[in-house]
Amino acid sequence: MSGNGFGNTYIMKNERTPFAQALKACATIAATLLFSAGLLAESPDAFERGLLINETLRIDYMFTGTDKTAEVSLCQMSRTDGWYGRRVNMDKVPVLGNGNITMRDASTGKILYTNSFSTLFQEWQTSEEASRIKKSFENSFFVPMPGVKAEVRVTLFDLFNNEICSYTHIVDPSDILIRRSGQHPPMHKYLLRSGKSEEKIDIAFVSEGYSEKEMRTFFRDAANGMDALLEHEPFRSMKDRFNFVAIFIPSRDSGISIPHEGLWYDTAVGSSFDTFYSERYLTTLKIFKLHDALSGVPYEHLIILANTENYGGGGIYNSYTLTSAHHSTFRPVLVHEFGHSFGALGDEYYYDDQFVNYYYKGTEPWEQNLTTLADFESKWKDMISDTAQPFPTPVDWSEDAEHIGLYEGGGYMSRGVYRACVNCRMKTNEAPQFCPVCRRAISRIIDFNTVEAK
């Protein structure tokens, strides 16, 4: 199970937004993103000009709703020394995602920072439970601390990339109720330090369900997880762009909660299996608790290691990866889930058992490894060398595993969604590597976070 945060939706199986409306919405969003990188974009020297401060502002929100409604509300804000997020392309997003947070100079309207994301709340909105009850989910986002009054806007999109909910508020850097945090960082050690946090992508491994006595076990598991990532391209050849740190947060109990077995444990970040009643879907809803525990250590992306032999995991774009550390498939599952949370990739497998479809004809997925052919030009069309091959590309497991075509089936759907290769790390645990399309997509994410676009 992945859980890469598919958009919040009020569309049920037999309900459809007209394709023309969906395409118009896509065009509007694309134009907005393009414009945000142009005239209303602040220059990279915003720190030098005092528009941004070398601190991190954490903003906690509550996302509340049903399958048909969504509401965002502000909970609290806190600040820590040092901004460890990207310092390039701060006015752009690499992919649309299921949501966006944008901070502007309140007096000029120029973008100081923007980022895209997905959330567990939006995925829950596609579940059967969301058609019956209303729920709230915690979400935390990190932006550079503004040096001037700033306007922050959070926007959520549905499965057709339509904007369905937004919330705007002002951040005043002189506000005395923005809590100061990070003075007491947790136990941590670096597994790989390629350079200053300001210049590198900081990946943190976090312990979950490890008792005080199991600290050494966690650090070994974290090193194993890092090695698994660095065995895969493009992480292997681009590892000098990363710092890896292991952060030990002890749990009162050893193990992970498994509700369908009646097992509940008191753990560091309160994770459990059975998310959305799916036995192997392992997530945490305690987002505030998670980030409170990590405050004071530089990190941008999280890999939470669960001290269990039970199979499962989850990955949510620009939120976290969470995976079982002691199952035999730990290494491939970790890499797969990180493909979601870091690489913004979609699942390439399919069961046709979802409560609602996630992808629709006429709306192009924002995940770079899936297409409905609504805008195939923006995907891997340029990577197909055999233009005479039949469509869809027939599955032939004896052919070159990296043959690029249009294989039908992906995004949990056997029809109408296409992937690039017959197999990939985003499809099965047995695939040895990411396919060429996924490798390129991840490389672009790495470059986006470390190299200023020309």
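For these notes I call a residue exposed when its relative accessible area is over 50% and buried when it is under 20%, with partly exposed in between. I'm working from a predicted model.

**Entry 1: Asp81 and its partners**

I began with Asp81, which has a relative accessible area of 55%, so by that cut-off I put it down as exposed. Asp81 makes a salt bridge with Arg180, and the closest N and O atoms of the two are 3.0 Å apart. I checked where the two ends sit: Asp81 is in strand β2, while Arg180 belongs to strand β8, residues 179-180. That puts them 99 residues apart, so I noted the pair as a link between distant parts of the chain. Arg180 comes out at 37% relative accessibility, which makes it partly exposed.

**Entry 2: the Asp447 pair**

Next I looked up Asp447, which forms a salt bridge with Arg241 at 3.0 Å between the closest N and O atoms. Asp447 is in helix α6 (residues 436-450), and Arg241 is in the loop between α3 (215-230) and β11 (242-248), so this bridge ties together parts that are 206 residues apart in sequence. I have both ends as partly exposed: Asp447 at 32% relative accessibility and Arg241 at 22% relative accessible area. My tally of salt bridges comes to 19.

**Entry 3: Lys92**

Which residue does Lys92 pair with in a salt bridge? I found Asp91, with the closest N and O atoms 3.2 Å apart. Lys92 lies in the loop between β2 (70-81) and β3 (99-105). The two ends fall in separate classes in my notes: Lys92 is partly exposed, with a relative accessible area of 22%, whereas Asp91 counts as buried at 7%. I also took the C-alpha to C-alpha distance from Lys92 to Tyr113, which is 7.8 Å for residues 21 apart in sequence.

**Entry 4: Asp158**

Is Asp158 buried or exposed? It is buried, at 1% relative accessibility. I located Asp158 in the loop between β6 (150-157) and β7 (163-171). A polar atom of the Asp158 side chain lies 2.8 Å from the backbone nitrogen of Phe160.

**Entry 5: helix α4**

I then went through helix α4, residues 287-294, and listed its buried residues as Ile287, Phe288, Leu290, His291 and Leu294. These cover an arc of only 160° around the axis, so they are on the same side of α4. Just after α4 I noted Gly296, which takes a positive phi of about 110°.

**Entry 6: the whole chain**

I finished with the overall numbers. I count six helices and 16 strands in the protein chain. Its radius of gyration is 21 Å, close to the 22 Å that the globule rule gives for 454 residues, so I call the chain as compact as a globular protein of that length. Along the principal axes, the C-alpha atoms fill a box of roughly 60 × 55 × 50 Å. Buried residues make up 57% of the 454. I get about 18700 Å² for the accessible surface of the chain, and 51% of it belongs to carbon and sulfur atoms. Among contacts with a separation of 6 or more, 69% are between residues 24 or more positions apart.

Definitions and conventions
Residues are numbered from 1 along each chain as its sequence is written. This is a predicted model: local features need pLDDT of at least 70, side-chain atom pairs count only at pLDDT 80 or more; totals for chains, interfaces and linings use all residues. Side-chain values use heavy atoms; hydrogens and water are left out. Helices (H or I, at least four residues) and strands (E, at least two) are DSSP runs, numbered from the N terminus. Buried means under 20% relative accessible area, exposed over 50%, partly exposed in between (1.4 Å probe, protein chains only). A polar contact is a pair of N or O atoms within 3.5 Å; within protein, one must be able to donate a hydrogen and the other to accept it, and residues adjacent in sequence count only if both atoms are side-chain atoms. The arc is that of the directions from the helix axis to the C-beta atoms. A salt bridge is a side-chain nitrogen of Lys or Arg within 4 Å of a carboxyl oxygen of Asp or Glu. The radius of gyration is taken over C-alpha atoms; the globule rule is 2.2 Å times the number of residues to the power 0.38. Contact means heavy atoms within 4.5 Å. Accessible areas come from the Shrake-Rupley method with a 1.4 Å probe; for residues, only the protein chains shown count as cover.
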